[in-house]
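Take a look at the sequence and the fold before reading on.

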Amino acid sequence: MSTLTWLFDLDNTLHNASHAIFPAINANMNAFIARVLGDADAPASADAVNAARLAYWQRYGATLLGMVKHHQVRPEDFLREAHRFDDLSAMIRAERGLGRLLKGLPGRKILLTNAPRRYSHDVMRHLGLHRYFAKHIAIESMRVHGRLRPKPSRALLRKLVAQERTTARRCILVEDTAGTLKAAKALGLRTVWVTRYLAAHPDLQQRTDAVSPPKLSKRPVYVDVKVKSVRQLTHHLHRLR
Ligand SMILES: [Mg+2]
């Protein structure tokens, strides 16, 4: 039997991004989009910003992609502005024991996050989890045929499986975002849905989710294992191998 490959999401999977980080990213994004959509005299209104965000999110699965396509925004500028924090480490909230958990899970672990590299690197360092991951794939590296293809892109997941010289069946995606779990399941990956951090701020919970979030009380068909916390993964291993 070949090795398992674990694909771990970062925000709201390995730590609680809804606590302070997502609200800050949200405010940063709104300010940036208002500047881009506005004119020399004034930023655009909150209504105009919200309408653009909703439209791009529904059409492309990510606000970023719409801003790049329609407003000649450079992805690196958008990501840098969205991830400006006065004191990131003070904003991070996570459970204890994640290092022990990751160490005990059989197989290779890859971090797969739609966040930019600098931010995800800083969060992983703060959590002390970087050492358990063989690879760190941030949004800058999510390119297929030269184009930016963040999660939930199936092309991205397909490319990743091929690159890792494994099969979809031997890959397990651990995520909070429904759309990404759905895409992964369609390609034959195993899926774990982490629900712990979803309830508090449903409007801020997801970076890219064009699929409306399912009810937390249910296990959707594209989810193999539903856990509240990644710490419960060990109890479900038999259903993922
Ligand atoms: Mg997430």
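This is a predicted model: local features need pLDDT of at least 70, side-chain atom pairs count only at pLDDT 80 or more; totals for chains, interfaces and linings use all residues.

The domain assignment places residues 5–17 + 96–239 in domain 1 and residues 21–82 in domain 2. If you compare their C-alpha centres, you will find domain 1 and domain 2 lying 25 Å apart.

## Helices H1 and H4

How do helix H1 and helix H4 pack? Helix H1 covers residues 21–37 and helix H4 covers residues 75–82; their axes are 8 Å apart and form an angle of about 130°. An angle of that kind is neither in the roughly perpendicular range of 65 to 115 degrees nor over 145, and H1 and H4 are therefore oblique to each other.

For the residues involved, pick out Ile25, Asn28, Met29 and Phe32 in H1, which meet Phe78, Glu81 and Ala82 in H4. By class, this contact of H1 with H4 has five nonpolar residues, one polar and one charged.

## Helix H7 and its cover

Next, turn to helix H7, residues 117–127, where Tyr119, Ser120, Val123 and Met124 are buried. Looking down the axis of H7, you would see its buried residues fall within an arc of 125°, so they line one face of the helix.

What covers the buried residues of H7? Strand E2 (108–112) and strand E3 (135–137) are included in that cover. Just after H7 comes Gly128, with a positive phi of about 75°.

Notes: Residues are numbered from 1 along each chain as its sequence is written. Axes are lines fitted to C-alpha atoms, for helices over the stretch in contact, and angles run from 0 to 180 degrees between N-to-C directions. Helices (H or I, at least four residues) and strands (E, at least two) are DSSP runs, numbered from the N terminus. Angles under 35 degrees count as roughly parallel, over 145 as roughly antiparallel, 65 to 115 as roughly perpendicular and the rest as oblique. Two residues are in contact if their C-beta atoms, placed from the backbone, lie within 7 Å. Ala, Val, Leu, Ile, Met, Phe, Trp, Tyr, Cys and Pro count as nonpolar, Asp, Glu, Lys and Arg as charged, and the others, Gly among them, as polar. A residue is buried if 20 or more other C-beta atoms lie within 10 Å of its own, exposed if 12 or fewer, and partly exposed in between; C-beta atoms are placed from the backbone. The arc is that of the directions from the helix axis to the C-beta atoms. Domain bounds come from an automatic or database domain assignment.
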